[in-house]
Amino acid sequence: TTNSTVDSLICNQCTWDKKKPVPNNRIIKAGYVYILYNPAWKGWLKIGMSHDPEIRCDNFQISSPYRDYKLYHKRFFTDVGGAEQEAHYNISNLSSKRKGEWFKVNKKDAKIAINNL
């Protein structure tokens, strides 16, 4: 559509924050909380959200010369934003270090934490 109003920027999977209608403020309603890892960073996991974790993993591959990012786990949620926040909180309590969405934590513990949401 050529209509560029905020209301025209609504799709089935996403909605826009009308107070700040810019792409970085898009909220995914339904999707997956996922766990990515890279063997080069032993013990570090990325906990994120996406409507398609496989594509998200492929996007990470671009920045790695070895193309060694792996999708370890994903789980679907109707409120993926809330689930991701809760996952970050719970996994942060299990991890020894955190840098943004990257956590130094055991893969199995992170998977259990997401499955228990």
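View 1. Ser 64 sits in the loop that links helix H1 (53–61) to strand E5 (70–77); helices (H or I, at least four residues) and strands (E, at least two) are DSSP runs numbered from the N terminus. Leaving aside residues up to four places away in sequence, Ser 64 touches Asn 38 and Tyr 69 (contact means heavy atoms within 4.5 Å). Between Ser 64 and Asn 38 the C-alpha distance is 9.4 Å, at a sequence separation of 26 residues.

Residues are numbered from 1 along each chain as its sequence is written. Because the model is predicted, local features need pLDDT of at least 70 and side-chain atom pairs count only at pLDDT 80 or more, while totals for chains, interfaces and linings use all residues; side-chain values use heavy atoms, with hydrogens and water left out.

**View 2. Helix H2 (residues 80–94) crosses helix H3 (residues 107–115).** Their axes come within 10 Å and cross at roughly 145° (axes are lines fitted to C-alpha atoms, for helices over the stretch in contact, and angles run from 0 to 180 degrees between N-to-C directions). The crossing is right-handed, that is, the near helix is turned clockwise from the far one by less than a right angle. From H2, Ala 87, Ile 91 and Leu 94 meet Asp 109, Ala 110, Ala 113 and Ile 114 of H3.

**View 3. Asn 90 is a residue of helix H2.** With 26% relative accessibility, Asn 90 is classed as partly exposed. Asn 90 and Ala 110 are 8.6 Å apart, C-alpha to C-alpha, and 20 residues apart in sequence.

**View 4. The largest nonpolar core has 14 residues.** Such a core is a set of buried Ala, Val, Leu, Ile, Met, Phe, Trp, Tyr and Cys residues joined through side-chain atoms within 4.5 Å. Val 33, Ile 47, Ile 91, Ala 110 and Ile 114 touch the most other members. At least two residues each come from strand E3 (31–37), strand E4 (44–50), H2 and H3, and H2 gives the largest share, four residues. A separate core of seven residues includes Tyr 34, Leu 36, Phe 60 and Trp 102.

**View 5. Ile 114 touches residues that include Val 33, Ile 35 and Ile 47.**

Terms used:
Buried < 20%, exposed > 50% of the residue type's maximum accessible area, 1.4 Å probe, protein only.
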